[in-house]
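Look at the chain below and keep its numbering at hand.

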Amino acid sequence: MEEGWNVTPILIPFITLLVGWAIGFFDSNMRTAKKIKQAEDSAKIVIKEAENKIAEAQAKLAGASVKVDDPGLMRIKNENGLLTLDLDGTRVNTSALSADQRRRLIEMLNTIRPWLEGKPAPAPAPMTPPPPGPAVVADTRQGAPAPIAAPPPRPVAQVQTPAPKMAASSKKKDEELEAAPTSIVGQINLILQARIINTPLASKGVSLMESVTGGVNVYVGLQRYEAIDDIPEEEVKAAIRAAIAEWEKKYTPGL
């Protein structure tokens with residue numbers, strides 16, 4: 001009787017190999033799934049941190065105050081090598097200043113002039129707006145004539161009770177004493193300003209100021225002169241000498 005083939009020695013290694021492959025396959029899948037899980041958790045953490053940073057940045061932008069450009073009373077800026085001028089918050093054309101703009105600029109320069117002498121500068125008065133034009137009455141009817149400007153309202157006369165002459169004279173005298181400068185330079189400058197008003201010299205900003213050492217400084221715009229003879233313009237020197245002569249005639253008659 002023939003003996004059958006003994007397949008046991010062949011099956012045992014094959015089964016062992018198959019079981020080992022299955023175990024390796026499942027172990028590899030478990031490790032891969034674990035790594036994927038860890039990567040997903042890390043990605044969620046990073047996304048959450050990014051969302052928190054974006055929310056913080058948006059909150060800072062929402063709470064940040066917006067800075068408004070305030071040019072103030074007068075501002076000079078260097079824009080691409082060109083100097084620009086702002087007066088009372090409005091950009092002006094420095095090559096074609098109007099009479100009001102020129103007057104305002106001279107007023108501002110005279111206001112800050114005491115800084116050159118180490119003195120505090122008074123607060124300048126705000127720029128007076130131009131008077132409003134006459135009101136225009138429009139007719140909305142079809143075929144109506146062109147609008148006609150209404151005449152300005154007449155001033156209402158106010159009846160004032162006359163004060164006693166003695167009290168008015170005393171009050172006027174007190175005001176003059178309070179407004180009159182006490183120094184000689186100030187008195188001469190007051191006479192000078194009264195003489196050059198409504199003249200071409202008024203736009204040049206000519207004035208006299210007492211120096212720290214007690215001398216006299218002559219200003220023509222921003223240019224300072226320590227002596228009258230140093231001024232190149234003859235009309236300015238003549239006006240100052242005329243003011244000095246008037247002061248001598250008024251305060252030192254007969255000398």
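Leaving aside residues up to four places away in sequence, Val206 touches Leu192, Gln193, Ile196, Leu201, Tyr219, Val220, Val236 and Ile240. The model in which these contacts are found is predicted. Val206 belongs to the largest nonpolar core, a set of 17 residues. Within that core, the residues that touch the most other members are Leu192, Val206, Leu208, Val236 and Ile240. Two or more residues of this core come from each of helix α4 (184-196), strand β6 (206-210), strand β7 (216-220) and helix α5 (234-251). Another core lies apart from it and has 6 residues, including Leu85, Leu87, Leu97 and Leu105.

Helix α5 also holds Lys237. Is this lysine buried or exposed? Lys237 counts as buried because its relative accessible area is 10%, and buried means under 20%. Not counting residues up to four places away in sequence, Lys237 touches Ile228, Asp229 and Ile231.

One of these partners, Asp229, sits in the loop between β8 (223-225) and α5. Asp229 has a relative accessibility of 57%, so it counts as exposed; the cut-off for that class is over 50%. With residues up to four places away in sequence again left out, Asp229 touches Lys237 and Arg241.

Next comes the empty space. Rolling a probe the size of a water molecule over the atoms shows where such space is left. The largest pocket holds about 270 Å³. Its lining includes Ala99, Arg102, Arg103, Ile106, Glu107 and Asn110, and also Ile197, Asn198, Thr199, Ala202 and Ser203. Sorted by class, the lining residues are 4 nonpolar, 4 polar and 3 charged.

Now take the protein as a whole. How many helices and strands does it have? There are 5 helices and 8 strands. Read from the N terminus, the elements follow the order α-β-β-β-α-β-β-α-α-β-β-β-α. The protein has 255 residues, and 18% of them count as buried. Its exposed surface comes to about 20900 Å², of which carbon and sulfur atoms supply 61%. Among contacts with a separation of 6 or more, 35% are between residues 24 or more positions apart.

Definitions and conventions
Residues numbered from 1 in each chain as written. Predicted model: local features only at pLDDT ≥ 70, side-chain atom pairs only at ≥ 80, totals over all residues. Heavy atoms only, no water. 1 Å grid on protein atoms, 1.4 Å probe; cavity = no way out; pocket = protein on both sides within 12 Å on 5 of 7 lines; lining within 4 Å. Points joined across faces, edges and corners; volume = space filled by probe spheres on them. Nonpolar A, V, L, I, M, F, W, Y, C, P; charged D, E, K, R; others polar. Core = buried A, V, L, I, M, F, W, Y, C linked by side-chain atoms within 4.5 Å. Buried < 20%, exposed > 50% of the residue type's maximum accessible area, 1.4 Å probe, protein only. Helix = DSSP H or I, 4+ residues; strand = E, 2+ residues; numbered from the N terminus. Contact = heavy atoms within 4.5 Å. Areas by Shrake-Rupley, 256 points an atom, 1.4 Å probe, with all protein chains shown as cover.
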